[in-house]
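Biologist: I would like to learn how to read a fold. Can we work through one together?

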Amino acid sequence: MGNSENTDKPDGGVERAATAQAQMRKGVLELCILSILLQGDAYPTEIIDKLKDTKLVVVEGTLYPLLTRLKNTGLLGYRWEESTSGPPRKYYKLTEIGEQYLKELQLSWAELVDAVNKTIEKGKNNI
Amino acid sequence: MNKTVTINISGIIFHIEEDAYDSLSKYLATIKGYFSNTDGGNEIMSDIEARIAELLQEKINAVKQVVLMADVDHVKSVMGKPEDFGGEQTKTENKKQENQNDFSEEKIKRRLFRNPDDKAVGGVCSGLAAYFDVDTVWIRLAMFLLIFFGGLSLWVYIILWIIIPEAKTTADKFAMRGESANINNIFKSFKDEAEDVKNRFKNNSYGNNVRSNVSVVLNGIFNVIGRLIGLFLVIIGCAFLFGYVTSLFGISFADSNSDLTNWKSVIFSSSADYALAVFSFIIVAGIPVFMVLYGGIKLLFKIKYSNRWLNLSLGLTWVLGLIIGLYVTVSTVKQFNEGSKVKETSVLHSTGDTIVVKLNPAMTTLKPFGYDNADDLDAHFGRNNSDYQFGDLNKKLSIIGTAGLDIIQSNSDSIELVINYEARGNTKREANENAKSIKYAYTQNNNELIFDQVFTVLAGTKFRAQEVNIKLKLPKGKVIYFDKSVKYLLDDVENTTNTWDGNMVGRRWKMTDRGLECIDCEGLDELDEDFDDHHGHHIKTKNITINEDGIKVNGTNAEIKIDENGIKIKTPKDSKDPEIPEVPEKPDTKGNKGEKGDKGEK
């Protein structure tokens with residue numbers, strides 16, 4: 001089925017690549033947010049600024065549901081801080097569970113990167 | 001020149017151009033649509049709004065004070081497209097939400113919110129005003145006026161305050177006003193939903209997926225039915241509430257209404273019991289009323305609000321109230337557990353064949369004891385024929401009851417009078433004490449028996465169904481005459497003609513083998529104590545004839561004739577007993593008062 005889908009749409013390849021990239025970004029976004037918060041508490045805009053440098057996040061809106069979900073699962077906590085410019089800011093911080101979870105995530109990330117890199121290398125050699 | 005609108009995003013005030021406002025409100029509504037079904041959707045919304053406020057504030061300075069379309073576009077580009085937000089959802093879910101989204105892009109459905117920006121108490125009135133598109137003043141005025149209908153609006157207000165969510169996010173505020181103005185009022189929205197259902201039925205091309213189409217239609221039908229049920233519940237709830245509030249007023253007025261106050265103080269063992277009973281009523285009746293209104297308003301305005309703690313605590317409170325109510329009921333009913341009867345028998349020595357039974361009115365009985373309201377009582381018993389009343393004896397509450405008299409056949413040749421003092425109590429002993437606390441008296445004056453209309457109960461004694469039942473045992477052959485005054489004293493007296501107590505008075509009755517038999521009732525059936533004198537001149541019964549000729553009375557023993565010849569009185573035998581005995585002004589003996597001989601317990 002997957003093959004036929006590809007051949008049915010001539011320009012499907014480009015679209016697919018874009019979706020794949022988006023999916024990959026989304027997958028690692030969680031890891032990145034947790035890693036940023038490991039360096040210290042931050043409010044969404046700070047997190048976004050850091051992520052923007054790495055081009056992981058294109059639009060800010062993506063971040064908010066993710067942060068709320070992480071907070072609701074207990075990985076993050078937050079506190080309110082007054083802001084001189086604008087509404088009070090929600091400073092997120094990593095909880096103990098969050099730190100634990102991040103360690104596991106880092107480990108599996110390293111394994112994944114290793115495995116993926118090896119596979120990619122093999123593929124390169126074949127081309 | 002452009003029109004600007006003032007809005008409040010995350011607590012910060014912005015002046016925004018109208019077109020920019022429209023764009024922003026649609027944008028927020030779309031985002032809201034995406035997160036409406038997500039856990040923590042509200043939180044995500046307020047976070048996003050806080051960020052938008054921050055972004056907009058960066059665009060404003062002392063020179064440029066108004067948010068323009070370009071600024072909103074900037075916000076949109078920074079935040080991204082709403083469809084990119086819900087990264088975690090699966091594709092099909094996304095699709096579904098896109099459909100919903102198309103809908104909400106066209107119009108923002110108006111929803112009921114409390115308005116935090118314009119509130120006197122909780123923002124309920126201005127929220128309602130926004131929903132119904134009327135000026136807040138009218139809603140407030142209505143609320144204020146309804147306070148005087150048993151505080152009705154106070155209750156409704158509190159319920160609304162609890163269940164209507166506050167418009168926290170800007171999207172909420174947009175939804176509160178429903179800017180697209182497709183829904184002007186709730187009835188319009190009824191129609192809209194019904195139309196919607198109809199259209200979807202007709203327009204089969206809408207969805208190729210039949211199943212989802214059916215579910216949409218069903219949803220629409222349920223929406224309309226849900227609202228109708230809601231409306232019904234609200235109406236029922238208001239009626240219940242009115243009854244509830246009225247009875248609460250009744251209870252609180254009971255403190256000034258002597259009858260109710262008296263009853264509560266003589267029935268409940270202690271005032272604490274009464275307080276508990278009232279408390280239990282407030283809870284056990286109040287919570288269901290609240291729940292009916294609560295559920296109705298929720299359905300009517302389609303408010304998705306559920307507060308587990310509220311439900312749980314209301315449920316627990318209700319059960320608690322029920323337990324308290326049961327406790328008070330059981331402990332009060334237990335006071336009526338056991339019955340006791342104190343019997344007082346005396347043999348009467350009568351001189352003649354005819355016993356005359358008369359009544360000593362309540363006033364006469366009670367006055368000598370110093371009852372303050374004896375006059376009222378007399379009028380009361382005469383009018384209402386009620387069993388119990390209350391009197392003030394030296395400022396102390398005392399129960400006054402009416403005695404009952406029954407006539408039965410005696411086994412012996414002597415006339416016996418049995419007085420049963422009955423009462424109930426928690427234990428046999430208490431019941432007996434209560435029975436002994438009853439005071440009742442009668443007087444015998446030759447062949448005349450004068451019974452007190454009422455009995456009294458020792459002041460301070462609780463009401464424990466005290467009763468005085470008198471049984472007059474009449475030997476065969478004896479005749480009894482009931483004076484008209486004993487009408488309310490007679491208590492289901494058996495007789496051969498099944499004559500009602502009230503019609504037995506003023507007649508003479510003879511004790512026969514078959515029971516009491518009237519000996520002067522012939523032809524009197526249709527004749528009540530008041531002559532129906534419509535024609536003014538002609539009255540004819542078997543015993544009495546009044547016409548142009550004169551007056552003729554045919555008694556059993558005598559005959560009276562008044563005509564042009566004069567007055568004739570025929571007496572076949574000289575009887576010692578006058579037909580209608582004279583009433584002595586004062587009974588000679590009061591010796592029997594309060595005395596109880598021959599006491600026995602049953």
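Biologist: How does helix 2 of chain B run relative to strand 2 of chain B?

Modeller: Helices (H or I, at least four residues) and strands (E, at least two) are DSSP runs, numbered from the N terminus. Axes are lines fitted to C-alpha atoms, for helices over the stretch in contact (heavy atoms within 4.5 Å). Angles run from 0 to 180 degrees between N-to-C directions. Here helix 2 (residues 41-58) of chain B lies across strand 1, strand 2 and strand 3 of chain B, at about 65° to strand 2 of chain B. This is a predicted model: local features need pLDDT of at least 70, side-chain atom pairs 80 or more, while totals for chains, interfaces and linings use all residues. Residues are numbered from 1 along each chain as its sequence is written, chains are lettered from A and ligands numbered from 1 in the order written, and side-chain values use heavy atoms, without hydrogens and water.

Biologist: What is the strand order of the sheet in chain B?

Modeller: Strands of a sheet pair through backbone hydrogen bonds, either parallel or antiparallel. Two strands pair if DSSP finds at least two bridges between them. In chain B the order is 1-2-3, an open sheet with mixed pairing. Strand 1 (4-9) and strand 3 (66-67) of chain B are the edges, each pairing on one side only.

Biologist: In which sense do strand 1 and strand 2 of chain B pair?

Modeller: Antiparallel, over six bridges, with strand 2 of chain B at residues 12-17. I7(B) faces F14(B) across that pair. Helix 1 (residues 18-35) of chain B packs on the sheet, at about 115° to strand 2 of chain B.
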